[in-house]
Amino acid sequence: LLLATTAWGASSPEELTWLDPPPANALESAGTLLGELGAIDRSGHLSALGRSMAAFGFHPRIAAMALHAAAIGAHEVAAEVLAVLDRPRSTHVDLAEEVRNIRSGSSSAPPAREVRRWRQRIQSVAGTGEQGVPIAGGGTDQLDDVITSIVLAGYADRLARRRDDRT
């Protein structure tokens with residue numbers, strides 16, 4: 001909501017007339033998130049990235065992930081990641097494993113149409129036909145690094161790395 005109203009030119013959602021105004025704490029949290037994602041500057045104005053995120057038309061976290069993937073030429077990986085994240089919760093907790101399932105054609109993977117749908121959305125905003133980043137020899141580590149980079153673009157505040165002692 002805050003990204004959209006800022007893109008419309010409102011300096012603050014409070015200046016708009018609402019039937020039910022958004023809660024102040026939600027707007028504050030949204031402003032913090034948009035700042036962390038690089039969508040707005042310290043004065044609350046949209047950055048170039050913020051304008052692109054608003055054009056994407058999805059939650060700012062998803063838009064940040066898709067736009068980052070487009071910037072690094074990882075459209076296909078992003079489409080796979082977003083197809084997994086778009087699914088109802090499952091028992092799988094390893095995002096990279098789920099992406100590998102898509103690539104291997106596993107029956108537990110999201111349907112190919114979902115991956116195509118996300119690829120088309122990313123390409124429509126990115127304005128390029130690039131299909132994806134090459135993963136040399138199917139390298140798991142390189143694929144994992146690309147997935148991590150994409151997810152960090154939208155969820156840096158919610159990720160942690162497992163330590164050697166498995167904590």
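In the predicted model, the lining of the second largest pocket comprises 14 nonpolar and 3 polar residues, with no charged residues. The volume of this pocket is about 240 Å³. In total, 17 residues line the second largest pocket, and L1, L2, L3, A30 and P60 lie nearest its centre. Three helices, α1 (2-7), α2 (24-37) and α3 (48-56), each contribute at least two residues to the lining. The largest share of the lining of this pocket is supplied by α2, with 6 residues.

The largest nonpolar core contains 39 residues. Within this core, the residues that touch the most other members are M53, V77, V81, I122, I147 and I150. At least two core residues come from each of the helices α1, α2, α3, α4 (60-71), α5 (75-85), α6, α7 (112-126) and α8 (140-155). The largest share of the core, 8 residues, is provided by α4.

Helix α6 was examined along its length. This helix spans residues 95-104, and its buried residues are L95, A96, E98, V99, N101 and I102. At the start of α6, a side-chain oxygen of D94 lies within 3.1 Å of the backbone nitrogen of A96. A96 is itself one of the buried residues of the helix. Just after α6, the backbone at G105 adopts a positive phi of about 80 degrees.

Terms used: Residues are numbered from 1 along each chain as its sequence is written. This is a predicted model: local features need pLDDT of at least 70, side-chain atom pairs count only at pLDDT 80 or more; totals for chains, interfaces and linings use all residues. Side-chain values use heavy atoms; hydrogens and water are left out. Buried means under 20% relative accessible area, exposed over 50%, partly exposed in between (1.4 Å probe, protein chains only). Helices (H or I, at least four residues) and strands (E, at least two) are DSSP runs, numbered from the N terminus. A polar contact is a pair of N or O atoms within 3.5 Å; within protein, one must be able to donate a hydrogen and the other to accept it, and residues adjacent in sequence count only if both atoms are side-chain atoms. On a 1 Å grid over the protein atoms alone, a cavity is a set of points where a 1.4 Å probe fits but cannot get out, and a pocket is an open set with protein on both sides within 12 Å along at least five of seven lines; lining residues have an atom within 4 Å of a point. Grid points are joined across faces, edges and corners, and a volume is the space filled by probe spheres set on the points. Ala, Val, Leu, Ile, Met, Phe, Trp, Tyr, Cys and Pro count as nonpolar, Asp, Glu, Lys and Arg as charged, and the others, Gly among them, as polar. A nonpolar core is a set of buried Ala, Val, Leu, Ile, Met, Phe, Trp, Tyr and Cys residues joined through side-chain atoms within 4.5 Å.
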